[in-house]
Amino acid sequence: MGFKSIFLLVAAIFVLFSQVNATPDYCDTLKAGKLPDNDVPWRGDSVLEDGKLAGGYFDAGDHVKFALPMAYSMTMLGWSFLEFETKIAGCGLTDLYLETIKFGTDWLIAAHEEDNKFAAQVGDGNVDHSYWGPPETMNVARPVFYIDADHPGTEVAMEAAAALSAASIIFKDRDSAYSTTCLEHAKKLHSFGDKFRGKYSDSVTNAVAFYNSWSGYKDDIVWGTLWLYKATADEALLTKAKADYAEFGIGGMAQGNSHDWDLKAPGACLLMAKITGDDKYKTDIEAALNYWLPGGGITYTPGGMAWIRQWGPARYAATSAFLAAVYGGDKYMDFSKKQIDYLLGENPKQQSFVIGIGPNAPKDAHHRAAHHSLTNDINNPVHNTYLLKGALVGGPGNDDSYVDDRTDYIKNEVACDYNAGFVGVLAAHA
């Protein structure tokens, strides 16, 4: 599998510029090395014992493959490509985007072992987190945790269906055979998730401490159905999505909250508004976005970042900025640009939250491979051996406070889902 068998942060693939000017060059910000070559020479083969589930992406600074945030990240990358394909092409990044998406969707296809069986997680989170070292030297058990008809996991099945639906649209005129394969799996996963309903973290209890499903699966059903509708134009799916949207109260669920790996309600509102043009869905998404604007209800740091919660606030700001850019309109585009510029270092403290990019950029991310300890010690060496360039860290406190401290995983861990929204909003402003 080469080094494709290991996790690469999504923005480390895209981002390759060294400083932020008064007007950031968003095209340059998206660029970086591509997946299967040696543009990241400090990464090598790892977890080949995962067999047919080798490949895919490690979740974050650890070495577990959590299918829910991985699939979510692929859906978000697919969405950004579909929305901003022209801008991505203008940056010369079409092939890189496609390769990055396909590397994730290839894994989702491999994980879908039977119609009603899917690998929801590879690796024991507790065992994995007891090891602090690069994945190339890791030698721990790699159990696979499945969802099936007797152990349902609607969230995971629906998110995988969404990601593969988006990919099927993207590859339809580029690789028709692959597009067809993606759509076949998307349909079966959607059926599986809808027919055998259950909260995935009740079935995969090892995930509870890491990616518990707090919002439940109702938002995921609508989200997955809308993406499958976009891929098929099957009006029965849109009818179902509208009915479920109303029954589940998706519009209300989206208010005062973030769009993220757990909660898809804001994105479902946005898709409904764009697909139908119906004012009631526009009202829902505008209310959800307005919460994020100054005076809308969300906390703002003194420096101007929309801050919703302690753990990884930068990801939520970036993803909300992406949704705002997709919806469009002057006030939403202004919000979107200000948030991304803040993250790139245009703030009173001139503090970037993207590793290796912008003023005072972080270097010591909570990331085992970049740190490269050979003694299982988070403090040795003192600084990360390698620069994980382009990765969005968790972000500041609500007072703009931030210290580049590897041991502070709340502010300094990096993850696929952090970067998926971040890359999308960069594309929007390219």
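User: What should I know about the conventions here?
Analyst: The model is predicted, so local features need pLDDT of at least 70, side-chain atom pairs count only at pLDDT 80 or more, and totals for chains, interfaces and linings use all residues. Residues are numbered from 1 along each chain as its sequence is written, and side-chain values use heavy atoms, with hydrogens and water left out.

User: How many residues does helix 7 have, and what does it reach from first C-alpha to last?

Analyst: Helix 7 (residues 176-195) has 20 residues and reaches 28 Å, close to the 28 Å expected at 1.5 Å a residue. Helices (H or I, at least four residues) and strands (E, at least two) are DSSP runs, numbered from the N terminus; the expected span is 1.5 Å times one less than the number of residues.

User: Which residues of helix 7 are buried?
Analyst: Among them are Tyr178, Cys182, His185 and Asp194. Buried means under 20% relative accessible area, exposed over 50%, partly exposed in between (1.4 Å probe, protein chains only).

User: How many salt bridges does a search of the whole structure find?
Analyst: The search finds 18, a salt bridge being a side-chain nitrogen of Lys or Arg within 4 Å of a carboxyl oxygen of Asp or Glu. Asp194, Arg197, Lys240 and Asp244 are linked in a network of them.

User: Which residue forms a salt bridge with Arg315?
Analyst: Asp417 does, with the closest N and O atoms 3.2 Å apart. Arg315 lies in helix 15 (residues 313-327) and Asp417 in helix 19 (residues 416-428), 102 residues apart. Both Arg315 and Asp417 are buried.
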